[in-house]
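Welcome! Here is a short tour to read with the model in view.

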Amino acid sequence: MAGIVSRKGLSSTPAQTRPSATDEPVLVRALLIGLVLAFFGLFLLMPLAVVFAEAFKKGWEAYASGILSPDALSAIRLTLLVAAIAVPLNLVFGVAAAWAIAKFDFRGKNILITLIDLPFSVSPVVSGLIYVLLFGAQGWFGPQLEAWDVGILYAVPGLVLATVFVTFPFVARELIPLMQAQGSDEEEAAVVLGASGWTTFRRVTLPNIKWGLLYGVILCNARAMGEFGAVSVVSGHIRGKTNTMPLQVEILYNEYNFAAAFAVASLLALLALVTLGVKTFVERRSV
Amino acid sequence: MPAATIDALDVDTPAKGAIVHRPGLLARRHSILPGFSLALGYSVVYLALIVLIPLSAVFLKSASVGWDGFWHTVVHPRVLASFRLSFGASLIAAAINAAFGLLFAWVLVRYRFLGRGLVDALVDLPFALPTAVAGIALATLYAKNGWIGSLLEPLGWEIAYTPTGVFVALVFIGLPFVVRTVQPVLEDIEAEVEEAAACLGATRWQTFRRVILPYLTPALLTGFALAFARAVGEYGSVIFIAGNMPFVSEIAPLMIITKLEQYDYAGATAIAVVMLVLSFVLLLIINGLQAWTQRGQRGR
């Protein structure tokens, strides 16, 4: 560690007079940094900038009318609703799974960890398809649901299910390594001193994991609000009813209503920026 | 370890002192902490309800169609063309990501320069930006009248609405996977190793190629596999820029949507099975690679 710190110290001096054996020539460094900045500008900054440029191209009024149209407002409401159901569900699961995995030893732990990761490697479209196969008119439960007149597919429950699936690992994924690294000595001490399980969790574990938990929730929320592929399969695209914000963006864009499409998209881009801001904040905190 | 490394990194760092006991058959290490049965039981039931049972529906549905129906769908020329594009573009994009991801990680860890904090924070943008937003942004940038497309058009280079567009979107989506897997490993390299190489007369390039690169290989491969896995299944950021012409620029996930729109559930399921099997294989490979990365790190 000391070596890295001193190297960082060295190269941060602007006028470097002593060439080090483990530093690259200035020209090479400048070239590498230049390459990174070029790629960064081309692939990361420009897509972000174009969202806001297109959103405000026709002025504030077009922007406001894009966001305040009834369809857009109902898409915003639906997105908030879906996230408000999906994120707490995965939050509870994440904490429970991390508690079991990090604080206890049992057989099949590694299999469980792998299975929790599974939704990350499944294509979003396939994630939506599985719920169509379950609840669609030709699906396992479709006829029964139809008889009962319960709508899951092309309705809010379907959107929630697909969103829960794609955001399933986020909170658990953040908490497991964090809680494993912290071990369980502090909790054991609390229990020995007579604290109940709930008190131990609330007063000992929670303060230790709060930043990781916050970050997991923020990531989970960003994905829940921004999910497109899975939701697009189960939504049925009923305007004003089952269109979330990303789906509304797609519809507006395909209708060549670019100003409105990018206006709604700019809200989602802001959400992404806030997410990254929180991430940077949490990382500084935990160092 | 930074608590906030994104996504699928750091799979199974064992708990401090947790491997002292070997748990017996179905037994757990004796612990005085409460809540094990409740936490594990809830996790497993929730996992089964949300993930395992729904996923098994795909395989059961496809089994009910039979091998002939499955094969007939999968080898249809239009479907095959979509697989070729999805796998091909994803492989090239993941390779580009590996190269630039290594470069990003190197520059972010080793150098201090103006804007470093901004680059470090925004590398994760493809994770955080909803894919539909990325999709319309990229399509607008690379269209003939877009900021970048208008520069390339005089050169006769079209990107939007061609297979190249698919590739560009996949490069965008995969970059953070490699950066964030390589970065922590690079931070862990001890300066002594490089100093020893320099003392023994190695040039800087030799040190990089013979000392640093082998050490980074497992992480680099993990990042490559993660980027590839994400790229193959990616939908939102690709469909807007792809143009979606049959046989030319249709990706495999789009074929599933197309089949669904024609109420061809068996066909959609058959394509999904191929993609799921690929995901499972990739997941196993990634887990193996991550174990390799951690063994390497612990060995130091």
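**A pocket, a helical chain and a surface patch**

The second largest pocket has a volume of about 510 Å³. Of its 22 lining residues, Tyr253(A), Tyr256(A), Phe258(A), Thr140(B) and Tyr161(B) are the closest to its centre. This is a predicted model, where local features need pLDDT of at least 70, side-chain atom pairs count only at pLDDT 80 or more, and totals for chains, interfaces and linings use all residues. Residues are numbered from 1 along each chain as its sequence is written, chains are lettered from A in the order in which they are written, and side-chain values use heavy atoms, without hydrogens and water.

**The pocket lining**
- The lining of the second largest pocket divides into 12 nonpolar, 6 polar and 4 charged residues.
- At least two lining residues come from each of helices H2 (26-55), H13 (245-254) and H14 (258-286) of chain A, and H6 (131-142) and H11 (236-242) of chain B.

**Chain B**
- Chain B has 13 helices and 0 strands (DSSP runs of at least four residues for helices, H or I, and at least two for strands, E).
- Of the 300 residues in chain B, 56% are buried (under 20% relative accessible area, with a 1.4 Å probe and protein chains only; exposed is over 50%, and partly exposed lies in between).

**The surface patch**
- Trp140(A), Phe141(A), Val45(B), Leu49(B), Ile53(B) and Leu60(B) make a nonpolar surface patch of about 580 Å² (residues with over 30% relative accessible area and no salt bridge, nonpolar side chains being joined within 5 Å).
- Leu49(B) sits in helix H1 (residues 36-65) of chain B and is exposed, with a relative accessible area of 55%.

Conventions:
Patch = residues over 30% accessible without salt bridge, like charges linked within 9 Å, V, L, I, M, F, W, Y side chains within 5 Å. Areas by Shrake-Rupley, 256 points an atom, 1.4 Å probe, with all protein chains shown as cover. Salt bridge = Lys/Arg side-chain N within 4 Å of Asp/Glu carboxyl O. 1 Å grid on protein atoms, 1.4 Å probe; cavity = no way out; pocket = protein on both sides within 12 Å on 5 of 7 lines; lining within 4 Å. Points joined across faces, edges and corners; volume = space filled by probe spheres on them. Nonpolar A, V, L, I, M, F, W, Y, C, P; charged D, E, K, R; others polar.
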